[in-house]
Amino acid sequence: MRRSELLQWFGLFGGAAAWTVQHGALFFLAAARCNPSGSRWAFGMTGWQIGITVAAAAVALAAEAAAVVTALRTRGLEHDGPPPLGRIYFFALAASAGNVLFLGAIVLEGLGAGWWSSCGAS
Amino acid sequence: MSEHALPRRTPRPRPVAHPNGWWGMALFLASETVLFGALLGTYWYLRFKAVHWPPLGTPEPKVVLPLILTAILVATSVPMQAALRAAREGRLGATRLALAVALAVQATYFGLQIHLFLDDLTKFSPGGHAYGSIYFTLLGAHHAHVAVGLLLDAWFLLRLSTGLTRYRLGGLWATTIFWHFVNALAVLVVLTQLSPAL
Amino acid sequence: MAATEVLGPRARERIGRLDRIWEERPGLVGWLTTVDHKRIGLLYFFTTLAFFGAGGVEALLMRTQLSSPDGHVLGPDRYDQVMTMHGVTMIFLFVIPMTTGAFGNYLVPLMLGARDMAFPRLNALSYWLFLGSGCLMYAGLFLNMGPDAGWFNYVPLALKRYDPGLNIDFYALGLIFNSISSTVAAANFVVTIFKLRAPGMSLNRMPLFVFAMLAVSLSLLIALPSLTVDLVFLELQRRLGFHFFDVGHGGSALLWQHLFWFFGHPEVYIIVLPAFGIATSIIPTFAKHRMIAFPLVALAELLVAFIGFGVWAHHMFATGIPTVTLVFFAAASMMVVIPSTIQIYAWTVTVMMGRPEFKAPLLFIGGFIAFFVVGGLSGIMFAAIPFDQATTDTYFVVAHFHFIIFGAAVFPILGGMYYWFPKVTGRLYHEPVAKASFWLTFAGTALTFFPMHIVGLLGMPRRVYTYQRGLGWDAYNLSETIGAFILTAGLLLIFGNLLWSRFRGPPAGPDPFFGGTLEWATSSPPPHYNFAVIPTVTSPYPNWDRADREEDARKLEAGELVLEEGHETPASTVRDGYLDEVLEMPSESWWPLTLGLLITVIFVMLLLAHFVIAGIFGALAVLALGGWHLQEPAEA
């Protein structure tokens, strides 16, 4: 029960947290690198972008795994079934779909930022 | 309309969930986190765009005294948490003592910080450059939150003089998490403010 | 309790006691001191309708000015004020207070099986602050000093050098003031949703409308501080000479835009999410079928809000920010569409799988889906950076957001007015006229806003007070203006129907449409105490669980979960809805109005730069807060 509870919450929030951190990091990196003071620091922006994207994708995948495992464990119930297991099943179902979206966002953002990593305007 | 209510007959068990007031404070703190996020974000955004930060002619921030003061403020989380624990155990005297200790230290911190703030104003002004503008606004926002915390401490010292109830315990709990928030934020604010000199 | 049910003597006695405990003072004093969420909801409803009227007049003035080239109805300065106030009014003073303050306040406690919101006095305060902030901004307009730099108020135009009068100060201080109202209201909703649910209503058994209100409230709490900081910076720069936005002193004009749009994009999801909630309430009732993929729809409400926080820079694609930044914001902007699409599929499939009855509320939801699909498609087009850069600041953008705001936010509000009218007034609206009012409004909306796509692609810029003859725009503008008047006629027909039915409509009874959520399990209008017996919930459609509701009648006689020992409502645990404690709620109070007045004075004094007086009233406000908290609940 306790394990299902923890897995449910990690499944629900893990992908979201990973995308949030990656997105914020991409913004921070661009602001740092593409501005006067940042250009003096001369760090490899693309390297950091790839690293953070890979880490975020890994966390999102783990969250998806947690959500799917929890959903399978509580599979016998209805999504509006009695708590706590019904509630856990509900969130695990929702999280299984949500993490796919976050994984997609992480990959798409990482690919885009890595490919068009110019500081110049378009 | 409670004059129409019957005298209470049904005994009430202790609740399991956090009180409404705790949740209200937690949500308010989430909102204030974003407020400070915007202020801190502005500091870094403007700093990245600047070539000289602080601008030429503006002194770099002092490091030692602000760090010591911040450590003192963060330390007041200990008496605040002690006050809360004493209140949960029903020990009114210990609660009020711990709260008074916290208030005294926090008020001293506040007084010293205001002195430093006014002293900084004689050296550079918020109206000269964005550095000064964000420096004074960020610090001012932090000090305003400390002031609110002092008012909350004073209020509860007063209220608790007539006894400890479950409602007041909830309020003290909310005040304690408020202070933990302010103290954590103080670390971020002071590190940001001192970053040009670090 | 249905009027036809026979009540035993003890049941009647309990109801009498609940009536006496929960009734409020009669007359004007009752309204000024009310803390009843239903009365506060009605106060919000009529006030926001008045602002809707004002915003509508502003729209008609603009459309009349633009109906032909070289218009002379409004000069450029006046046009700027009317245009800005139209945007500010519709967003801050109409849609959001209507969906959260009116619909949310009235319905959320009822749908949760509670007797009031978690913080009833704070609820009243949020209304008085809303009223004060709206009056403050309109005072500016009536003094010909209204905000005039557009609803997003870009710098440097909004700085003192280019806008020296009080116009922008009305904007900044008015919106900071308004944001206090929204912030406390949002916190109130979240605590109510977390703690005041009926026993048995675990998080997976909450109505979808409540999920939507949860998403909206969390978004407001996270988005508003960014706007507040932006506005404070603006006032500090305008009034005290600080430097945040001017490059010459180390500032950045784009800083305004980043902070504004970090708030502004979630704001547009805040506008539309409650409308999704209304749609997900109306559809199961009239389709006579539970919502398909309920967990996914619930999650989609929260996901749209969440991902919506990561897309703000798509409002800045044409500002010259680095390409790398453009690209990852474009990627996120493409992903944010997906949860909305899931919802559209769920809604449509639910209707298809049910036995739909196309009464007026469902017609309005049909119109909503049609407009939302078109508006959503034009929106996703903006995620393509080159397309966005070509159409930025043209009428194509105006078309997109009006399809969304009018089509996807206002249509559900109109449908919701018809749907819940019987619950609030106890009478039925006139169905044939309601259907006609839908078609008229739909036609007017389409004719007003569709041509804007075309004229935008032909190059007509936004926010122009007039345009030259011979650019190929004339016929489109004229049709848009005609559409606006047809739309107005449709709206007048709706409100005429509701007004007439309020006095002449036949009695509705508690549940005329066989709705599934708990507001339909009590009388129309509900008694002050909402439910004589706190309902026990075993599914997200508790009013369709007839066995549970029949149990309520037995419980009333036996005195179970009646909570008649004071001004009481139950609190449950957050995740699983187990009954946790019984809360004593405050009753009527003068403090909310008093504090609201003091805060209004503070903002007026700040506007007039009387900072010392503002400080004195600030101290008085702190004292008022102390007085407010002197009243404590009776201890067990």
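1. Burial in chain C. Of the 636 residues in chain C, 60% are buried. A residue is buried if 20 or more other C-beta atoms lie within 10 Å of its own, exposed if 12 or fewer, and partly exposed in between, with C-beta atoms placed from the backbone. This is a predicted model: local features need pLDDT of at least 70, side-chain atom pairs count only at pLDDT 80 or more, and totals for chains, interfaces and linings use all residues. Residues are numbered from 1 along each chain as its sequence is written, while chains are lettered from A and ligands numbered from 1 in the order in which they are written.

2. Make-up and dimensions of chain C. Chain C has 19 helices and 2 strands. Helices (H or I, at least four residues) and strands (E, at least two) are DSSP runs, numbered from the N terminus. The radius of gyration of chain C is 25 Å, close to the 26 Å from the globule rule for 636 residues, so chain C is as compact as a globular protein of that length. That radius is taken over C-alpha atoms, and the rule is 2.2 Å times the number of residues to the power 0.38. Along the principal axes, the C-alpha atoms of chain C fill a box of roughly 80 × 60 × 50 Å.

3. Contacts within chain C. Take the contacts in chain C with a separation of 6 or more: 81% of them join residues 24 or more positions apart. Two residues are in contact if their C-beta atoms, placed from the backbone, lie within 7 Å.

4. A helix pair in chain C. Helix 4 (residues 76-112) and helix 8 (residues 253-287) of chain C have axes that come within 10 Å and cross at roughly 35°. Axes are lines fitted to C-alpha atoms, for helices over the stretch in contact, and angles run from 0 to 180 degrees between N-to-C directions. The crossing of helix 4 and helix 8 of chain C is left-handed. A crossing is left-handed if the near helix is turned anticlockwise from the far one by less than a right angle, and right-handed if clockwise.

5. Residues at that crossing. From helix 4 of chain C, the contact residues include Ile91(C), Val95(C), Phe103(C) and Gly104(C). Their partners in helix 8 of chain C include Ile270(C), Pro274(C) and Ile278(C). By class, this contact has 9 nonpolar, 3 polar and no charged residues. Ala, Val, Leu, Ile, Met, Phe, Trp, Tyr, Cys and Pro count as nonpolar, Asp, Glu, Lys and Arg as charged, and the others, Gly among them, as polar.

6. Chain B. Chain B has 6 helices and 0 strands. Its radius of gyration is 21 Å, whereas a compact globule of 198 residues would have one near 16 Å. The C-alpha box of chain B is roughly 75 × 30 × 25 Å along the principal axes. Buried residues are 35% of the 198 in chain B.

7. Leu65(B). Leu65(B) sits in helix 2 (residues 64-75) of chain B. Leu65(B) counts as exposed because it has 12 C-beta neighbours inside 10 Å.

8. Chain B against chain C. Here 41 residues of chain B are in contact with 45 residues of chain C. Helix 1 of chain B gives the most to the chain B side, with 15 residues. That side divides into 24 nonpolar, 12 polar and 5 charged residues.

9. Chain B against chain A. In this interface, 7 residues of chain B are in contact with 6 residues of chain A. The chain B side has 5 nonpolar, no polar and 2 charged residues.
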